[in-house]
Structures are given as C-alpha cells and as structure tokens.
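Dear colleague,

Please find below the structure that I am handing over to you, together with its sequence. My findings are set out after it.

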Amino acid sequence: MKSTIPWLIAAATGFVMIAAYFIPAAQGWQGEVGTWFEILAAFAFVLGGANLFAYHLGKISARRAGWGYSGVTLVAFLVTLAAGMLKLGVPAPDRYPTNAWAGDFQFEGSVSWWLYWYLYNPLNATMFALLAFYVSSAAFRAFRAKNTEATVLLVTAFIVLLGRTYAGAWLTSSVPENYSALTFPGMTAIILAVGNTAGQRAIMIGIALGVAATSLKVLLGVDRSYLGSDGD
Amino acid sequence: MNRETLGWTVVLLIGALGLFGRAMSKPEGMGKVYIKAVRIAPDSPTDTRTTFTKVEPKDSEAIVSVPRTVGVWIAALGTLAIFSFLYRDNVFYKLAESVFVGVTAAWAMVLGFWESIVDKLLRNLAPGLMRAWALPGLSDKQEPNYLYIVPLILGIMLLWRLVPRGAWIARWPLAVVVGTFAGLKLVNFLDADFVSQIRNTIIPLIVVVNGKVDPWASLRNTGLLVGVLSSLTYFFFSVEHKGFVGNVSRVGVWFLMVTFGASFAFTVMGRIALLAARVEFLFNDWLWLIDPGDKRPKGW
Amino acid sequence: MFDFLKTLDRRWIFLAMLLAVSLPILAQKTFPEQPTLHVRNVFQKIEDLPEGSTIMISFDYDPGTTGELGPMTTALLRHCCLKRHKMLFLTLFETGSPVIDQAIKEVIEDEFAELELKSGEDYVNLGFKPGREVIIAVIGLNLRQAFPSDHSRTNLDDLPLTKNIVNLQDLDLILDLSAGYPGWKEWVQYAASPYGIPFAAGVTAVGAPQAYPYIPGQMLGILAAVKGAAEYEAALGEKYPKYRDPKLNEGIRRMAPQFWGHLLVIGLIVLGNCIHFADRWRGTP
C-alpha cells in the first residue's frame, strides 16, 4: 500500500494533465492540479529551508569541522527570513495606507531588497563569473586536436569564437559580399543553422523519446523508484 | 610569517592604501549611491508619506544613501572574496559562500510563503482573514474554497520529511509532483521535441526561388537533413555500426562534434560576458574609474 | 620556456583572462555591430506589431546571468516602449522578481518618464509564482488560475490591461529572457508549440545552441547572449538614431571585453596544442 497509493495519485494527476491536452472539459482540472502543484512547490521551499536550518544547527551543536561557517549561514538565513516574513522596512502601499502587511516584501529600500541587491546579487553573479577563468584554463590544458573528431570540434569552436566578435568580421572584411558565407560571421551562421541544428535536433529527438518512455513508466507504475527503496 | 603570508599582507595593504588614496584624492569620493525622496501616493492629497528611490548623482535633489553606499562596498568586497577562490580556497571565500547559501534558502522560503501559501492557499481557504491582513484587495465576492484543504494536507505531509519517523507520508505529495511532471512532459515533449522536430526537418532539398534554383539554400537544407539522419543513426544502437551504417554514423559523429564545438564556443562567450559585468561593477559602481553610461557629473 | 609553459600555473591564465576583460572595459572602446537574421526577425516582429499590441515578457533569470541578459532586457523594453506596446511581466525564477522591478524602474519609469506609462494600463507586473513549467501550462488556459492578481495584489479584473486577457492565446507575442530551466524551452513546449503563439527568446550563451532547432517553426528568432543584445541595440540604432549613442548600449560596450577574451581563449588553445604536438614530436609522454 505504501507504494500503490502514491502511484495511483501520480497516475491520476498525470492523466489529468494528459487529458487536458486533448479534452477541453478536463482543462479546468489541469488548472486545479497545477495550482495544487504550485502550493506544494511553496511547501517544498519551506522544507528546503527547514532542512538547511536543521543540518547547520546539527553541525554547530556537534562542533563538526567548519561549524563556524554554518553559524554564518544560519545568521544569514535567519536575518533574510525575518526580514521577508516580517516585511521589515516595507511601507504600506498607496492604495492601503494603513496596512503595511499589504506591501511587497521586495519593495525598494526594504531590508529584503537590500539583502537581495547587495548580498545575493553580487555573490551569485560572481560565482557564475568565476567560470570564465576555469573555462580558459580548460581551453589551454584539455582542448587538444588528438584525432579527426577532436579537430572538427576545435575548428568549429575557433570559427564560432571568431565569428561571434568583431574580430571575425574584421579578419574576413576583404571577402566579396557574394561570398559572405566564407566570412567568419557567415561560417558561424552556417555552423549554427546546419551542423549545430542537425546535431541538437537529433539529441532532442532522442531525449523526447526518453522522457516520454520514462513518463509512461511512472504513470503506469512500472517505475516507482522515485518513492524510495522500501516498498509495500 | 612565511613568504606567502607576507606577500598577501603587502598586496592587501597596497590595495587598502590605493582605495584610501582614491577615495581621498577627489572630493566626490567613490562607491556612493544617491537617492531622493519620492511620495508613495503622488496623486493623493492626504497621504504625504515618502520613500526613497535611487537616482543618478546628477539629479538636483540627490542625497547620499548610507545603507546603499555601505551595500555597494559590501557587494564589492563580496565580489573580491569570491574571486579570491581563484588563488586558493580561503576564509573570505568560505564566508561569502556561507552567506550566499543562507540568504538564498531563506529568500525562496519567504517567496514561497507570500506568493503561494498566502496568495493561493490561504486566499482560497480563509479569504476574509486574508482580506483583513495581507490581501486587502481581495474581492468581497470571494468565498472559501474548501477544495484547497487537499493541497494544505499534502503540503503538511511533505513537511513530514523533517520528522525522523513515517517517511512514507511524504510520498503522497511527492507523487503529485512526479505525476504532474510526467503527464505534462509526456505530451509536450512528444509534441514540441519529437513531432515538431521531424516536421521541421521535412524540407525541400532543391529550393527554387523565383523560378531559379537557390544553390546555397538547397545545400543548407540537404546538409541539415543529412546531419539529422546521420546523427540519429549514431544514437541508434539496435543495429551494429558496421559498413554503410558505420560510415553514416561516423558522419553523424562529425555533426555532433560541430554541435559540441559550437556549444563550447558559446560557453566561453557566456562566461566572459558574466565576468565583464562583474568587472564593470567594480570599476563603475564601486571605484568610479569609468562612467560608461555618463551618469555622474563631469570630472567625477 | 617550453617546460615553464608545460607546467604553467593556471593562476597565470586566470590573470591573463582578468586583464583581457578588464583593460578593454577601462579603455571603453566599442566595435561596430551588424544585426544577424534571427535578431532582425525578432526586431521586425516587434516593429511590425500594431501600436498597443500586448506582449508578455518573462524574466526567467536572476542576477547570476544579468551580465548576459540585462542588456537585451533593456533593449527589448526600450523597443516596446517606443512602439507603445502593452507589456505583461512575470518570472518563473524565484529570485527573478527584483530584476523585473529594476527593469521597470530603469526603462519605463526613468528613461521613458515622459510617456507617463501607467502600471495596470500600459504594463502589468505579475511577479513570480512557484511551479515552473506547470505555471505556463496553467496560464496557457487560464491566466487567473496562476495569477489572480498582479504583483501589488490588485485583481487582474480590476486592471484595464488584463481585464480582457483570458489566457496566453490572447497575447500578440511572448518574449522570454531565459537563463536556463525553466526558460525558453518550456515556453516553446507549453505555449508556443501547442497554441502557436508567436514566440521569441533572449537566451544565455550556454543555452543558445540548443534553441536553433526550434527556429523558425516554433520560435521567430533568438537573441543569443550579449552578442544578440549588441545586435539588437544596433538594429534599434538603425531605426531610431537616438540609440546609436554607445552610452545607451550596454551590449555593444560589452563586446569589447568579449573580443579580447575570445582572442585570449583562441591563443590558449593554440598554445596548448603547440605544447601537445611538441611533446609528441619529442616523444615525451
């Protein structure tokens, strides 16, 4: 029963979604299930936050290695949580001047707004930016023309890297307009429209078949691995 | 003090002195954020409350905002702390990383609470209470919809995962999530990524424009068809890749290599763009070395 | 020298990349840009729509990718304002909402202040709802099911812009500014493909190559990374001369560090291969 009822729930919600695609009368149900899903997603955020809190609290109380950083995480977590839940620094909106709870917790100037723009924003953006350094290091160490396939990959990357900046246009600026396909931007356009499109399309077709097969297995109860290892 | 620590101490000291010198060398300083007071309800004759909004320093009413200026400095130091990982893992990076994790998790939680639990669940279960509290704009006609007890119960069941016993309880809401995705993806992947992609590949191999054969377009379409078929052949493992099939599959591999080469180049491009944005933040918003948008008065 | 390069500490490469990006930013030199076909298609679609058409813009990104998608957001919003199109904003990213607020403030409220565009009449910010692609599937049929009110909690029925919009099928165009999942692919799968709604996207460089198979069948075109933004700015400058000023074109400005960064990566690949082949020639492992 522990896996049969969840499977029946999964199958029911899944088939409602499928039915809505074909039967207009089922579209209202799709909306309802979608809204339930949205509410569950919000509960999942709460679950995620609570899990993080419990994990770091456990780490601190056990004085495990790096517990000081867990303390920093918890302080950042609690401050952001309090700022958002209590809407600190949020004025009452113009339409409801006596009700500060009606304001948006992300209002410009609020504590949450400050945390987002001056902590979350720079840290997040810089973490992504770090990859520019690692990708350049990888280009130097790992990108070798060892065989035909690797050479094709390398030459393509070369052309696209040049074709996507002014360098490519400048280097092939003397090519007559009738032969623009032979310029770096022209070759880049062809690579993207033909070679890249063909390869991506083949991969997409394969993935689509894989997703459809997996979804069917889930809905028909053949695959119940998402429920964990202990069955009925 | 070993050589490396000494070296870094010198570098940090030079950096601090440089910043101090830069801040002191010009009366306008650097890294400051300007705001001005604006009315929350500009059209109201009675509501005279004000709030602050960011403006450019050129604005005649601009005043320096201390919290936002501190924010820019913290953002700049946070940026440098993350960059410090490039040299080696260190305490500054770990601190920045810990702050980031805490803020992100709480942000998602707060957002989920206000946008869904309040705006969807409680709006439907207790509209009167919500109207009096956080949703004053809620229509008077809105009646309680007790069907929403179902997602409430499922949500509580999901939170049961936090309890050491009875983990199976959380499977029911998980089943809703998995079932919803499975149902949606089954149809939409087949439509958009399978049927439509086949349809997009059925194209004329000889393209005729105004009664004349367009050789470039014909070549492009032929290349596309050959590329898709040969790449698919490479992924088709039910037939041994020997002889003709082997050769076709080899062509498919070349097409895939072109795909991966383009992806690599685009990845490089994307990462450099993100780095450029961070560097521009440091030079423009913090150090005031450049003013690409011409937002500060001349000479600053 | 050869041994130095062979065992080169990667931190020297990091320093080279930092300089390749930093120096052009300090120099503030720009290069000319030419709009390519896909960018031109998106531009022309927005240009050709009758004034006052309704466009939904989904901000499916957060600060992590603002460096790539920020410039194209500004350019697209500018174009919509110039054409006086009505705009609906939303995000499927939990950290995307403040990005919408910032774009509204910088473009609609500050840059186009003289138009006096009003929230609720000329644009509506729907904000964020959790649920990812499920949200798209739901609003494909009923906008109010997922967004009963706008971001400031005003019922959609009370807003002049949204009171007659039932679902996505009532829109003239959907634009997605996308950093990954959920993003352009989900908009194609759950909106553009099933309902045939005109759709175009601005995407990060990492995601761009995967979008090409959908063009032109399911997507009108794409703005691929900061280059796409620069091309769109160039297209805008061709039609509206005011926007030829480099100070207004963040995307075009960012193509300078891009130029030198690409050249550095090409140089590193060449250098790496030279070392590899020299090693093979010498017979060392």
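This is a predicted model: local features need pLDDT of at least 70, side-chain atom pairs count only at pLDDT 80 or more; totals for chains, interfaces and linings use all residues.

Cavities

The count comes to three cavities of 30 Å³ or more. The largest cavity holds about 80 Å³ of space. From chain B, its lining takes B:E280, B:I290 and B:P292. Chain C contributes C:P24, C:I25, C:Q28, C:K29, C:T30, C:R253, C:A256 and C:P257. Two helices of chain C, α2 (10–27) and α11 (250–282), each supply at least two residues of this lining. The largest share, three residues, comes from α11(C). Sorted by class, the lining of the largest cavity comprises six nonpolar, two polar and three charged residues.

The second largest cavity has a volume of about 50 Å³. Residues of chains A, B and C line this cavity: A:K87, A:A102, A:G103, A:D104 and A:F105, then B:W114 and B:E115, and finally C:H151 and C:R153. Here the lining divides into three nonpolar, two polar and four charged residues.

C:D62 sits in the loop that runs between β1 (54–60) and α4 (66–82) of chain C.

With kind regards

Note on methods
Residues are numbered from 1 along each chain as its sequence is written. Chains are lettered from A and ligands numbered from 1 in the order in which they are written. Side-chain values use heavy atoms; hydrogens and water are left out. On a 1 Å grid over the protein atoms alone, a cavity is a set of points where a 1.4 Å probe fits but cannot get out, and a pocket is an open set with protein on both sides within 12 Å along at least five of seven lines; lining residues have an atom within 4 Å of a point. Grid points are joined across faces, edges and corners, and a volume is the space filled by probe spheres set on the points. Helices (H or I, at least four residues) and strands (E, at least two) are DSSP runs, numbered from the N terminus. Ala, Val, Leu, Ile, Met, Phe, Trp, Tyr, Cys and Pro count as nonpolar, Asp, Glu, Lys and Arg as charged, and the others, Gly among them, as polar.
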